[in-house]
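Let's walk through a protein model together, one question at a time. Have a look at it first, then try each question before you read the reply.

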Amino acid sequence: MAKKRKPRNLRRRNAIAGYMFISPFIIGFLVFLVKPMIESFRMSLSKVIIAASQKEGGNGFIMERITTWKESNYYRAFFYDPDYKNRLVDSLKNMAIQVPAIIVFSFFIALLLNQEFKGRGFVRAIFFLPVILSSGVIVGLEYNNTLMSGMKDIIAESGEGFSITASLETILRTTGIGGKILDPVFKIIEGVYDVALASGIQIVIFISGLQTVSTSMYEAAKIEGCTAWESFWKITFPLVSSMILVNLVYTTVDFLMRTDNQVMDLITLKVNPQMEYGLSAAMAWSYFGIVAAVLGILAAIISKKVYYYE
């Protein structure tokens, strides 16, 4: 009986340890985010009037409940606002291009960095720089610093006329090869800097997964006559497939929620300076619902192909 209880006790201890690790987020969410989310949802269902004084509205706002669908903020967001639907569609299209590119790029770099070679620590540090550059301070310097923006303009001007990608694109379009089929490919190549910058955390996750794969599996496969290509598809890829799901969810959320996203820019614009709090809240909640639906569909499809090794 004692032997049968050991696996159950081990799973219980692991579950407790997992909850302890995520407890700071749970506490922070309950303390700092639940009330603002409820207020935001109420705003999305109401006509928000800015109170003349704090005493008049309590929290500075007067919310009048909207009872008809055509007067609601959600109807205005999808049918009256000229930019919301267009930006939403563009954002989803860019996600369909950028997210797979980030996953493939980070997986390829993780495979390289997991190999044994001289100077591996230095090369890893270079590719882990995007994690540091994604911090708030560095991002603020990158987007708000006039020196950084001036350097980008100089680099762009100096590179004009010497782009191999642009020349190749011109040749292919002139000869009629590819057409719109190659547009996503050229878009990824032109945005390779953004792809690399957004791949830092994904590379770390993939490397952590690759290092859990036992070397004895590769040795046994090599003895049986498996090539490196066969070992990749039969051992490496299946055992790291769970990390692909994790990175897919993280990358999708990161892409759709980052501050330079077109939809997020519009939601911020509706709050300041236009001060349309109800419309902004409706856009935010509808966008949240769409993102949750996209994540649910992707997770449901890919989780069926994930292999969990125990």
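**Getting to know the model**

Q: Which helix holds leucine 30?
A: Keep in mind that this is a predicted model. Leucine 30 has its place among residues 2-44, and that stretch is helix H1.

Q: Is leucine 30 buried or exposed?
A: Exposed means over 50% relative accessible area. Leucine 30 comes in at 55%, so we call it exposed.

Q: How many helices and strands does the protein chain have?
A: Of its 310 residues, 27% count as buried. Its accessible surface comes to about 21,100 Å², with 67% of that belonging to carbon and sulfur atoms. As for the elements, the chain has 15 helices and two strands.

Q: Why is helix H11 called largely enclosed by the rest of the structure?
A: H11 runs over residues 200-210, which makes 11 residues to check. Among its buried ones are Gln202, Ile205, Phe206 and Leu210.

Q: Which element gives the most residues to the largest nonpolar core?
A: This core has 33 residues, and Tyr84, Phe206, Met283 and Tyr287 are those with the most contacts inside it. Elements giving two or more residues are H4 (84-113), H11, H13 (228-257), H14 (262-271) and H15. The top contributor, with nine residues, is H4.

Q: Which residues does methionine 283 contact, leaving aside its neighbours within four places in sequence?
A: Contact means heavy atoms within 4.5 Å. Once those sequence neighbours are set aside, the partners of methionine 283 are Ala77, Asp81, Tyr84, Leu266, Ile267 and Lys270.

Q: How far apart in space are valine 294 and leucine 92?
A: Valine 294 sits in helix H15 (residues 277-303) and counts as buried, at 18% relative accessibility. Beyond its neighbours within four places in sequence, it touches Leu92, Met95 and Thr252. Valine 294 and leucine 92 are 202 residues apart in sequence, yet their C-alpha to C-alpha distance is 9.4 Å.

Q: What type of aromatic pair do tryptophan 229 and tryptophan 233 make?
A: The whole structure has 15 aromatic pairs. For this one, the ring centres are 5.7 Å apart and the planes meet at 75 degrees. Planes over 60 degrees apart count as edge-to-face, so the tryptophan 229 and tryptophan 233 pair is edge-to-face.

Q: About how many helical turns separate tryptophan 229 and tryptophan 233?
A: An α-helix has 3.6 residues a turn, so residues three or four places apart point the same way. Tryptophan 229 and tryptophan 233 are four residues apart in helix H13, so the separation is about one helical turn.

Q: Which residues are linked by ring pairs into a cluster?
A: Phenylalanine 232 and tryptophan 233 also pair up, with centres 5.0 Å apart and planes at 80 degrees, so that pair is edge-to-face. Phenylalanine 232 is buried at 18%, while tryptophan 229 is exposed at 60%. Ring pairs build a cluster from Phe107, Phe206, Trp229, Phe232, Trp233 and Phe237.

Notes: Residues are numbered from 1 along each chain as its sequence is written. This is a predicted model: local features need pLDDT of at least 70, side-chain atom pairs count only at pLDDT 80 or more; totals for chains, interfaces and linings use all residues. Side-chain values use heavy atoms; hydrogens and water are left out. Buried means under 20% relative accessible area, exposed over 50%, partly exposed in between (1.4 Å probe, protein chains only). A nonpolar core is a set of buried Ala, Val, Leu, Ile, Met, Phe, Trp, Tyr and Cys residues joined through side-chain atoms within 4.5 Å. Rings of Phe, Tyr and Trp (its six-membered ring) pair if their centres lie within 6.5 Å; planes under 30 degrees apart count as stacked, over 60 as edge-to-face and the rest as tilted. Accessible areas come from the Shrake-Rupley method with a 1.4 Å probe; for residues, only the protein chains shown count as cover.
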